[in-house]
Amino acid sequence: MAPSRGPQTLARKLHTTLDNHRGPVHVVRYARGSAKYILSGGQDRTVRLWNPDSGAQIKSFEAHGYEVLSISVSHDNAKFASSGGDRSVFVWDVATGVTTRRLAGHMGKVHVVEFNADASVLASGSYDATIRLWDLRPVRRSRCSTRPAMPCKPSTSARRASLPVPWTATSAQYDLRKGELRTDFVGQPVTSVVPSADATTLLVATLDSHVRLFDAATGKLLNAFTGHAHMSYRCHACFGHEEASVVCGDENGQVWAWDLVDAAVLQPNPPPKVHNKVITWTEHHPSEAGEMITASADGTVKVWRQT
(Lines give C-alpha, C1' and ligand atoms only; values in the text may rest on other atoms or scores of the structure.)
Protein backbone atom coordinates (compact mmCIF):
# COMPACT_ATOMS: atom_id res chain seq x y z
CA MET A 1 0.00 0.00 0.00
CA ALA A 2 1.39 3.40 -0.98
CA PRO A 3 1.94 6.05 1.70
CA SER A 4 -0.01 9.31 1.57
CA ARG A 5 1.44 11.80 -0.88
CA GLY A 6 -0.34 14.83 0.49
CA PRO A 7 -3.60 16.36 -0.76
CA GLN A 8 -4.96 14.53 -3.79
CA THR A 9 -6.88 16.13 -6.64
CA LEU A 10 -9.77 13.95 -7.70
CA ALA A 11 -10.95 13.98 -11.32
CA ARG A 12 -14.20 15.95 -11.11
CA LYS A 13 -14.66 17.45 -14.58
CA LEU A 14 -17.27 15.54 -16.57
CA HIS A 15 -15.70 14.22 -19.79
CA THR A 16 -18.63 12.20 -21.17
CA THR A 17 -21.87 10.51 -20.17
CA LEU A 18 -22.67 6.99 -21.37
CA ASP A 19 -26.44 6.60 -21.34
CA ASN A 20 -27.41 3.63 -23.53
CA HIS A 21 -28.48 1.43 -20.61
CA ARG A 22 -32.22 1.16 -20.02
CA GLY A 23 -32.44 1.36 -16.26
CA PRO A 24 -30.00 1.38 -13.32
CA VAL A 25 -26.33 0.59 -13.97
CA HIS A 26 -24.92 -1.65 -11.24
CA VAL A 27 -21.26 -2.05 -12.20
CA VAL A 28 -18.58 -0.47 -14.40
CA ARG A 29 -15.03 -1.80 -14.79
CA TYR A 30 -11.88 -0.73 -16.63
CA ALA A 31 -10.16 -3.10 -19.01
CA ARG A 32 -6.71 -4.34 -17.99
CA GLY A 33 -3.38 -2.91 -19.08
CA SER A 34 -3.71 0.61 -20.47
CA ALA A 35 -7.45 0.53 -19.64
CA LYS A 36 -8.58 2.08 -22.93
CA TYR A 37 -12.02 0.52 -22.67
CA ILE A 38 -14.67 0.02 -20.00
CA LEU A 39 -17.45 -2.52 -19.43
CA SER A 40 -20.74 -1.76 -17.72
CA GLY A 41 -23.63 -3.97 -16.60
CA GLY A 42 -27.14 -3.04 -15.60
CA GLN A 43 -30.75 -3.77 -14.83
CA ASP A 44 -31.47 -4.11 -18.56
CA ARG A 45 -29.63 -7.48 -18.53
CA THR A 46 -26.85 -6.29 -20.83
CA VAL A 47 -23.10 -5.82 -20.58
CA ARG A 48 -21.85 -2.96 -22.74
CA LEU A 49 -18.34 -2.22 -24.01
CA TRP A 50 -17.40 1.46 -24.35
CA ASN A 51 -14.61 3.72 -25.50
CA PRO A 52 -14.46 6.21 -22.61
CA ASP A 53 -12.43 8.69 -24.67
CA SER A 54 -15.00 9.13 -27.44
CA GLY A 55 -18.06 8.00 -25.46
CA ALA A 56 -18.98 5.50 -28.18
CA GLN A 57 -20.54 2.12 -27.43
CA ILE A 58 -18.55 -0.59 -29.20
CA LYS A 59 -20.55 -3.72 -28.44
CA SER A 60 -23.45 -5.05 -26.39
CA PHE A 61 -23.28 -8.52 -24.81
CA GLU A 62 -26.71 -10.08 -24.35
CA ALA A 63 -27.34 -13.47 -22.72
CA HIS A 64 -28.40 -12.68 -19.16
CA GLY A 65 -32.03 -13.24 -18.26
CA TYR A 66 -31.83 -11.01 -15.20
CA GLU A 67 -29.92 -7.93 -14.05
CA VAL A 68 -26.11 -7.83 -14.25
CA LEU A 69 -24.51 -7.09 -10.88
CA SER A 70 -20.80 -7.83 -11.32
CA ILE A 71 -18.08 -7.93 -14.00
CA SER A 72 -14.45 -9.06 -13.90
CA VAL A 73 -11.99 -8.69 -16.80
CA SER A 74 -9.18 -11.19 -17.42
CA HIS A 75 -5.52 -10.12 -17.39
CA ASP A 76 -5.24 -10.22 -21.20
CA ASN A 77 -8.63 -8.59 -21.93
CA ALA A 78 -9.57 -11.63 -24.04
CA LYS A 79 -12.47 -12.61 -21.79
CA PHE A 80 -14.59 -11.34 -18.96
CA ALA A 81 -16.99 -12.83 -16.45
CA SER A 82 -20.37 -11.46 -15.42
CA SER A 83 -23.01 -12.42 -12.90
CA GLY A 84 -26.30 -11.28 -11.46
CA GLY A 85 -29.85 -12.45 -10.92
CA ASP A 86 -29.44 -15.55 -13.10
CA ARG A 87 -27.75 -17.43 -10.22
CA SER A 88 -25.04 -18.42 -12.71
CA VAL A 89 -21.67 -17.02 -13.77
CA PHE A 90 -21.20 -16.22 -17.46
CA VAL A 91 -17.74 -16.30 -19.08
CA TRP A 92 -17.53 -14.32 -22.34
CA ASP A 93 -15.17 -14.18 -25.29
CA VAL A 94 -14.70 -10.47 -26.02
CA ALA A 95 -13.87 -10.84 -29.73
CA THR A 96 -16.89 -12.96 -30.66
CA GLY A 97 -19.30 -11.59 -28.07
CA VAL A 98 -20.56 -15.03 -27.04
CA THR A 99 -20.50 -16.96 -23.78
CA THR A 100 -17.94 -19.74 -23.60
CA ARG A 101 -19.06 -21.09 -20.23
CA ARG A 102 -22.03 -20.79 -17.93
CA LEU A 103 -21.21 -21.90 -14.40
CA ALA A 104 -24.27 -23.00 -12.44
CA GLY A 105 -24.52 -23.97 -8.78
CA HIS A 106 -25.47 -20.89 -6.77
CA MET A 107 -28.97 -20.78 -5.27
CA GLY A 108 -29.28 -16.98 -5.16
CA LYS A 109 -28.21 -13.83 -6.96
CA VAL A 110 -24.47 -13.74 -7.65
CA HIS A 111 -23.33 -10.32 -6.45
CA VAL A 112 -19.61 -10.56 -7.18
CA VAL A 113 -17.20 -12.35 -9.53
CA GLU A 114 -13.44 -11.94 -9.71
CA PHE A 115 -10.65 -13.57 -11.71
CA ASN A 116 -7.30 -14.43 -10.18
CA ALA A 117 -4.13 -12.99 -11.75
CA ASP A 118 -3.87 -15.43 -14.67
CA ALA A 119 -7.62 -16.08 -15.08
CA SER A 120 -7.24 -19.78 -14.28
CA VAL A 121 -9.56 -19.46 -11.27
CA LEU A 122 -12.77 -17.47 -10.93
CA ALA A 123 -14.34 -16.68 -7.55
CA SER A 124 -18.05 -15.91 -7.16
CA GLY A 125 -20.02 -14.71 -4.15
CA SER A 126 -23.78 -15.08 -3.84
CA TYR A 127 -26.79 -14.08 -1.78
CA ASP A 128 -26.99 -17.78 -0.88
CA ALA A 129 -24.11 -17.02 1.55
CA THR A 130 -21.58 -19.14 -0.36
CA ILE A 131 -18.41 -18.33 -2.25
CA ARG A 132 -17.46 -20.72 -5.05
CA LEU A 133 -14.10 -21.17 -6.75
CA TRP A 134 -14.22 -22.29 -10.38
CA ASP A 135 -11.36 -24.01 -12.18
CA LEU A 136 -11.18 -22.42 -15.65
CA ARG A 137 -8.20 -24.31 -17.01
CA PRO A 138 -8.86 -25.74 -20.50
CA VAL A 139 -10.96 -28.88 -20.69
CA ARG A 140 -11.59 -31.17 -23.64
CA ARG A 141 -15.09 -30.09 -24.45
CA SER A 142 -16.36 -28.67 -27.70
CA ARG A 143 -19.52 -27.07 -26.40
CA CYS A 144 -20.50 -24.62 -23.68
CA SER A 145 -19.44 -26.13 -20.35
CA THR A 146 -21.43 -25.99 -17.14
CA ARG A 147 -19.34 -27.14 -14.21
CA PRO A 148 -19.86 -27.34 -10.45
CA ALA A 149 -17.49 -25.62 -8.08
CA MET A 150 -14.53 -27.83 -7.30
CA PRO A 151 -11.22 -27.84 -5.46
CA CYS A 152 -8.55 -26.44 -7.74
CA LYS A 153 -4.79 -26.52 -8.05
CA PRO A 154 -4.04 -22.94 -9.06
CA SER A 155 -0.75 -21.54 -10.24
CA THR A 156 1.39 -19.48 -7.88
CA SER A 157 -0.33 -16.33 -9.15
CA ALA A 158 -3.65 -17.63 -7.80
CA ARG A 159 -2.80 -17.85 -4.14
CA ARG A 160 -5.37 -15.61 -2.50
CA ALA A 161 -8.88 -14.34 -3.11
CA SER A 162 -10.68 -11.66 -1.07
CA LEU A 163 -14.44 -11.27 -1.43
CA PRO A 164 -17.38 -9.91 0.51
CA VAL A 165 -19.92 -12.48 1.61
CA PRO A 166 -22.82 -10.53 0.05
CA TRP A 167 -25.09 -8.67 2.45
CA THR A 168 -23.52 -10.20 5.54
CA ALA A 169 -21.22 -8.55 8.07
CA THR A 170 -18.29 -10.68 6.92
CA SER A 171 -15.38 -10.47 4.51
CA ALA A 172 -13.60 -13.69 3.57
CA GLN A 173 -10.05 -14.47 2.47
CA TYR A 174 -9.09 -17.78 0.90
CA ASP A 175 -5.55 -19.07 0.60
CA LEU A 176 -6.00 -21.36 -2.37
CA ARG A 177 -2.68 -23.15 -2.06
CA LYS A 178 -3.12 -24.02 1.61
CA GLY A 179 -6.87 -24.52 1.43
CA GLU A 180 -7.35 -22.07 4.30
CA LEU A 181 -10.28 -19.74 4.93
CA ARG A 182 -10.17 -16.71 7.19
CA THR A 183 -13.20 -14.53 7.85
CA ASP A 184 -13.29 -11.09 9.44
CA PHE A 185 -16.45 -10.00 11.23
CA VAL A 186 -16.95 -6.34 10.36
CA GLY A 187 -20.17 -5.82 12.28
CA GLN A 188 -22.20 -4.26 9.44
CA PRO A 189 -23.41 -5.57 6.06
CA VAL A 190 -20.53 -5.47 3.58
CA THR A 191 -21.13 -4.16 0.04
CA SER A 192 -17.58 -4.21 -1.37
CA VAL A 193 -14.09 -5.46 -0.53
CA VAL A 194 -11.08 -4.18 -2.49
CA PRO A 195 -7.53 -5.39 -1.74
CA SER A 196 -4.58 -3.06 -2.15
CA ALA A 197 -2.14 -3.81 -4.97
CA ASP A 198 0.23 -5.62 -2.61
CA ALA A 199 -2.67 -7.43 -0.86
CA THR A 200 -1.59 -6.18 2.57
CA THR A 201 -4.77 -4.19 3.24
CA LEU A 202 -8.48 -4.48 2.48
CA LEU A 203 -10.83 -1.56 1.76
CA VAL A 204 -14.32 -2.48 2.98
CA ALA A 205 -17.54 -0.51 2.39
CA THR A 206 -20.45 -1.17 4.75
CA LEU A 207 -24.09 -0.15 5.22
CA ASP A 208 -23.39 2.12 8.18
CA SER A 209 -21.95 4.94 6.03
CA HIS A 210 -18.38 3.80 6.64
CA VAL A 211 -15.48 2.72 4.49
CA ARG A 212 -12.88 0.90 6.58
CA LEU A 213 -9.26 -0.05 5.93
CA PHE A 214 -8.12 -3.33 7.49
CA ASP A 215 -4.78 -5.06 7.79
CA ALA A 216 -5.25 -8.16 5.63
CA ALA A 217 -3.00 -10.36 7.78
CA THR A 218 -4.30 -9.48 11.24
CA GLY A 219 -7.76 -8.01 10.62
CA LYS A 220 -6.76 -4.89 12.56
CA LEU A 221 -8.71 -1.73 11.74
CA LEU A 222 -6.26 0.82 10.32
CA ASN A 223 -8.58 3.67 9.40
CA ALA A 224 -12.23 4.63 8.89
CA PHE A 225 -13.67 7.06 6.36
CA THR A 226 -17.03 8.76 6.98
CA GLY A 227 -19.25 11.62 5.85
CA HIS A 228 -21.07 9.95 2.96
CA ALA A 229 -24.57 8.45 2.96
CA HIS A 230 -24.53 4.66 2.58
CA MET A 231 -27.27 2.86 4.49
CA SER A 232 -29.48 0.95 2.07
CA TYR A 233 -27.91 0.23 -1.33
CA ARG A 234 -24.76 -1.42 -2.64
CA CYS A 235 -22.04 1.18 -3.15
CA HIS A 236 -18.58 0.14 -4.32
CA ALA A 237 -15.57 2.01 -2.90
CA CYS A 238 -12.08 2.10 -4.41
CA PHE A 239 -8.56 3.38 -3.89
CA GLY A 240 -7.59 6.59 -5.65
CA HIS A 241 -4.48 7.11 -7.75
CA GLU A 242 -1.46 5.21 -6.41
CA GLU A 243 -3.61 4.24 -3.39
CA ALA A 244 -2.97 7.59 -1.72
CA SER A 245 -6.68 8.24 -1.27
CA VAL A 246 -10.04 6.48 -0.89
CA VAL A 247 -13.05 7.22 -3.12
CA CYS A 248 -16.71 6.23 -2.77
CA GLY A 249 -19.98 7.37 -4.30
CA ASP A 250 -23.05 7.57 -2.08
CA GLU A 251 -26.82 7.36 -2.04
CA ASN A 252 -27.18 11.12 -2.56
CA GLY A 253 -25.33 11.06 -5.88
CA GLN A 254 -22.12 12.53 -4.44
CA VAL A 255 -18.55 11.27 -4.88
CA TRP A 256 -16.51 11.49 -1.68
CA ALA A 257 -12.73 11.27 -1.36
CA TRP A 258 -10.47 10.99 1.69
CA ASP A 259 -6.75 11.06 2.37
CA LEU A 260 -5.67 7.48 3.04
CA VAL A 261 -3.54 8.23 6.09
CA ASP A 262 -5.40 10.89 8.08
CA ALA A 263 -8.91 10.10 6.70
CA ALA A 264 -9.57 13.80 6.10
CA VAL A 265 -12.22 14.55 3.50
CA LEU A 266 -10.63 16.00 0.38
CA GLN A 267 -12.07 19.19 -1.05
CA PRO A 268 -14.72 20.08 -1.94
CA ASN A 269 -16.43 19.15 1.30
CA PRO A 270 -19.25 18.34 0.87
CA PRO A 271 -18.80 17.29 -2.76
CA PRO A 272 -21.36 18.32 -5.40
CA LYS A 273 -24.19 16.06 -6.50
CA VAL A 274 -23.17 14.51 -9.84
CA HIS A 275 -25.79 11.76 -10.30
CA ASN A 276 -29.58 11.98 -9.85
CA LYS A 277 -29.73 8.70 -7.89
CA VAL A 278 -27.46 6.45 -5.84
CA ILE A 279 -23.94 5.93 -7.20
CA THR A 280 -23.58 2.17 -7.31
CA TRP A 281 -19.99 1.87 -8.46
CA THR A 282 -16.85 4.04 -8.41
CA GLU A 283 -13.59 2.98 -10.02
CA HIS A 284 -10.38 4.95 -10.49
CA HIS A 285 -8.28 4.50 -13.61
CA PRO A 286 -5.55 1.93 -12.79
CA SER A 287 -2.66 4.12 -13.98
CA GLU A 288 -3.84 7.61 -14.96
CA ALA A 289 -4.05 10.12 -12.11
CA GLY A 290 -6.70 12.21 -13.80
CA GLU A 291 -9.55 9.80 -14.62
CA MET A 292 -12.26 7.81 -12.87
CA ILE A 293 -15.66 6.35 -13.75
CA THR A 294 -18.97 6.15 -11.89
CA ALA A 295 -22.16 4.16 -12.45
CA SER A 296 -25.55 5.04 -11.06
CA ALA A 297 -29.14 3.93 -10.61
CA ASP A 298 -30.04 6.95 -12.77
CA GLY A 299 -29.09 4.81 -15.79
CA THR A 300 -25.81 6.50 -16.67
CA VAL A 301 -22.08 5.88 -16.56
CA LYS A 302 -19.94 9.00 -16.29
CA VAL A 303 -16.28 9.47 -17.15
CA TRP A 304 -14.49 12.07 -15.07
CA ARG A 305 -11.18 13.78 -15.83
CA GLN A 306 -9.10 16.53 -14.32
CA THR A 307 -8.81 18.49 -17.57
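Predicted model: local features only at pLDDT ≥ 70, side-chain atom pairs only at ≥ 80, totals over all residues.

Me: How many cavities of 30 Å³ or more does a search of the whole structure find?

Reply: Rolling a probe the size of a water molecule over the atoms shows where empty space is left. Here, the search of the whole structure finds one cavity of 30 Å³ or more. A cavity is a set of points, on a 1 Å grid over the protein atoms alone, where a 1.4 Å probe fits but cannot get out. The largest cavity has a volume of about 30 Å³, a volume being the space filled by probe spheres set on the points, which are joined across faces, edges and corners.

Me: Which residues line the largest cavity?

Reply: Lining residues have an atom within 4 Å of a point. For the largest cavity they are Ala11, Arg12, Val255, Val274, Met292 and Trp304.

Me: How many helices and strands are in the chain?

Reply: Helices (H or I, at least four residues) and strands (E, at least two) are DSSP runs, numbered from the N terminus. This chain has zero helices and 25 strands.

Me: What percentage of the residues is buried?

Reply: Buried means under 20% relative accessible area, exposed over 50%, and partly exposed in between (1.4 Å probe, protein chains only). Of the 307 residues in the chain, 55% are buried.

Me: Which residues have the most contacts inside the largest nonpolar core?

Reply: A nonpolar core is a set of buried Ala, Val, Leu, Ile, Met, Phe, Trp, Tyr and Cys residues joined through side-chain atoms within 4.5 Å. The largest one has 23 residues, and Ile38, Leu39, Ile71 and Phe80 have the most contacts inside it. At least two residues of this core come from each of several strands, including S2 (25-30), S4 (46-51) and S25 (301-305). S2 supplies the largest share, four residues. Another core, of 17 residues, lies apart from it, with Leu203, Val211, Phe239 and Ala263 among them.

Me: Is Ser40 buried or exposed, and which side chain does its own side chain join in a polar contact?

Reply: A polar contact is a pair of N or O atoms within 3.5 Å; within protein, one must be able to donate a hydrogen and the other to accept it, and residues adjacent in sequence count only if both atoms are side-chain atoms. Ser40, in strand S3 (residues 38-42), is buried, with a relative accessible area of 0%. Its side chain makes a polar contact of 2.8 Å with that of Trp50. Contact in general means heavy atoms within 4.5 Å; beyond four places in sequence, Ser40 touches residues including His21, Ile71 and Val301.

Key:
Residues numbered from 1 in each chain as written. Heavy atoms only, no water. 1 Å grid on protein atoms, 1.4 Å probe; cavity = no way out; pocket = protein on both sides within 12 Å on 5 of 7 lines; lining within 4 Å.
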